[in-house]
Amino acid sequence: MFEGHAWMVWLGVALVLVAIETVTVDFTFLMLAGGAVGGSVAAAFGAPPVVQAVVAALVAVALLAIVRPWLKNRLQASTPQQIMGTAAHVGRSAVAIDRVNPAGGQVKLAGETWSARTLGDDIEPGEEVVVDSIDGATAIVSRARVVGS
């Protein structure tokens with residue numbers, strides 16, 4: 001049925017696998033697509049279907065075993081770690097809405113009102129604070145240090 005055009009079928013399979021890779025971004029389907037390209041090359045040189053399948057499988061396994069781990073390590077090394085959730089607020093500055101002391105208080109942090117407390121000093125409304133840590137839904141804050149004082 002596809003005699004003489006098997007290479008196009010292999011390329012079609014490769015394109016479908018690349019499309020799937022764009023969704024998964026795990027490099028697995030990309031390596032399988034590389035195997036399909038290998039099968040396409042074998043078909044273009046007139047290899048029988050069994051040889052095409054073997055070439056495709058060998059190329060895919062080689063890519064999965066050698067190239068994929070290298071690509072994943074390279075991507076992870078070049079991608080900065082994203083701090084998410086409440087941990088992203090540590091180190092940020094905020095403004096005291098009312099008096100903040102070890103018993104409690106409120107601050108404006110990233111446009112939101114947070115319950116807050118200090119580990120020592122009382123902080124007056126309007127003062128700038130720095131988030132030292134997050135304890136549940138409470139920001140543990142300290143007075144912001146003014147540079148040069």
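Strands β1 (residues 93–96) and β2 (residues 106–109) run antiparallel and are joined by 2 bridges; strands here are DSSP E runs of at least two residues, numbered from the N terminus, and two of them pair if DSSP finds at least two bridges between them. This is a predicted model, so local features need pLDDT of at least 70 and side-chain atom pairs count only at pLDDT 80 or more, while totals for chains, interfaces and linings use all residues. Residues are numbered from 1 along each chain as its sequence is written, and side-chain values use heavy atoms, with hydrogens and water left out.

Within β2, V107 is the bridge partner of A96. On β1's other pairing, 3 bridges tie it to strand β4 (residues 128–135), again in the antiparallel sense, and A94 has V129 as its bridge partner there. Taken together, 5 strands close into a barrel in the order β1-β2-β3-β5-β4, with mixed pairing.

As for charges, the structure holds 6 salt bridges, each a side-chain nitrogen of Lys or Arg within 4 Å of a carboxyl oxygen of Asp or Glu. One of them joins D135 to R117, with the closest N and O atoms 2.9 Å apart; this pair links strand β4 to strand β3 (residues 112–118), 18 residues apart. D135 is partly exposed at 43% relative accessibility, and R117 is likewise partly exposed at 25%.

Key
Helices (H or I, at least four residues) and strands (E, at least two) are DSSP runs, numbered from the N terminus. Buried means under 20% relative accessible area, exposed over 50%, partly exposed in between (1.4 Å probe, protein chains only).
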